[in-house]
Amino acid sequence: MQHIADAVNRHDPAALKKLFSARALEKATDMDRGLDYFLSVFPSGHMTWKSITTNSVYDLKSSKETEDLLAGYMVFADGKKYSLDFIDFPVNQVDDPKNVGLYALGVAPYSTDPYTAAGVKKPYYVWLDSFASEDGVGTGNPGVYVPPN
Amino acid sequence: MLSGSTHGRTHHAPTYSDKLWWSIAGFDEDAHGILRTQADPWQLSWDYSDLDDTIFKAAGTGAKAYKYPFQYNGKSYIVWMWKAEYVQMGPGAEIEFLYQNVPLKKAGPLWHADPNDPNLPKMTESLSYKGTVTASFAPPIAQVRVGSFNQNAGSWNPSGPDVLVRNLHLKATVTFPDPGMYAAFKKTEESRIGNLWKFPSGTQTATISH
């Protein structure tokens with residue numbers, strides 16, 4: 001999270017892009033536009049954050065290991081509150097050695113209710129759910145996600 | 001991962017002394033050789049950390065561990081689950097409920113067990129191998145640690161099937177007696193990326209499959 005915040009504070013899309021795994025960069029569509037859009041959420045370039053919690057999955061197979069972090073944060077910037085979530089593989093020897101680093105990163109205005117007034121799940125929560133699977137990536141699209149207004 | 005549940009022996013079929021060891025190590029063995037965790041074994045006085053999982057590494061076996069921390073009333077809690085091949089104990093699964101007396105942002109690597117916590121959830125687990133239940137445990141009371149292990153399967157047993165962790169399917173339930181704690185856990189998990197927990201309406205139970 002510190003690395004993400006540093007890249008945001010410097011408004012540096014290249015630094016943010018470097019955090020992503022080779023696999024994510026290979027599979028993501030329009031990563032550069034996504035990075036610019038993500039940074040545009042924080043126009044002043046300054047954010048602080050508070051960890052909500054991080055789930056982890058640790059996979060060990062014949063002395064090889066994979067760790068999958070599913071992290072959620074509350075972020076404060078320009079007087080506003082946001083939810084920021086990401087999937088990160090600090091090590092990935094079991095499943096996909098090319099998938100070490102960030103796999104997916106998303107940000108949305110903070111909300112405690114996953115549903116709209118009409119009872120429809122909000123796009124950001126649909127995105128969060130898309131990664132629900134044993135391997136932590138599921139059908140979710142790698143790269144950056146900022147829901148439409 | 002249980003501290004002491006692997007004890008450095010090489011692979012062999014359980015002997016009488018193995019069975020005695022199981023009892024001392026905090027397990028009850030049924031007539032079919034399935035081991036299940038006791039309600040209040042002495043090991044609960046030990047702290048739990050990721051270091052326990054290094055035993056799997058040393059044994060060169062397979063394991064998957066899942067950690068679900070959350071905060072309630074200023075304290076940190078964690079639902080910690082494993083499915084693994086536990087060497088002589090065979091394929092097995094565990095689910096544990098642990099705490100730290102600090103908020104999550106101050107939580108460290110060591111988690112504690114409190115078998116006398118009135119808010120201790122009642123938990124169950126069931127482990128299937130290629131679609132057939134190989135071991136399960138649904139204790140009638142709330143326990144810090146709920147686990148079962150099938151000594152009759154696993155790669156240590158030359159007559160048994162080769163077990164790969166990827167062929168093991170774990171189902172677990174956590175039923176919270178405290179509605180506030182249930183709400184805190186539900187809120188945390190429902191807003192989490194990649195959430196797999198389900199919360200059947202009208203209950204204070206969370207269910208998950210891995």
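About 2300 Å² of area is buried between chain B and chain A, and carbon and sulfur atoms give 51% of that area. Welcome to this interface, which comes from a predicted model. The size of an interface is often given as the accessible area lost when the parts come together. The contact itself draws on 28 residues from chain A and 27 residues from chain B.

**Links across the interface**

- Seven residue pairs are in polar contact between chain B and chain A, with both residues at pLDDT 80 or more.
- The rule also finds one salt bridge across the interface of chain B and chain A.
- In that salt bridge, the side chain of B:K64 meets the side chain of A:D59, at 3.7 Å from N to O.

**What chain B brings**

- Three elements of chain B, namely α2 (54-59), β3 (63-72) and α3 (179-190), each supply at least two residues of the side that touches chain A.
- The largest share of that side comes from β3(B), which gives seven residues.
- Sorted by class, the side of chain B that touches chain A holds 10 charged, nine nonpolar and eight polar residues.

**Strands that meet**

- Strand β1 of chain A, residues 48-61, is joined to β3(B) by five bridges.
- These two strands, β1 of chain A and β3(B), run antiparallel.
- For a spot to look at in the structure, take A:Y58, whose bridge partner in β3(B) is B:A65.

Methods
Residues numbered from 1 in each chain as written. Chains lettered and ligands numbered in written order. Predicted model: local features only at pLDDT ≥ 70, side-chain atom pairs only at ≥ 80, totals over all residues. Heavy atoms only, no water. Contact = heavy atoms within 4.5 Å. Buried area = accessible area lost by both parts, 1.4 Å probe. Salt bridge = Lys/Arg side-chain N within 4 Å of Asp/Glu carboxyl O. Polar contact = N/O pair within 3.5 Å; in protein donor to acceptor, adjacent residues only side chain to side chain. Helix = DSSP H or I, 4+ residues; strand = E, 2+ residues; numbered from the N terminus. Nonpolar A, V, L, I, M, F, W, Y, C, P; charged D, E, K, R; others polar. Pairing = 2+ DSSP bridges.
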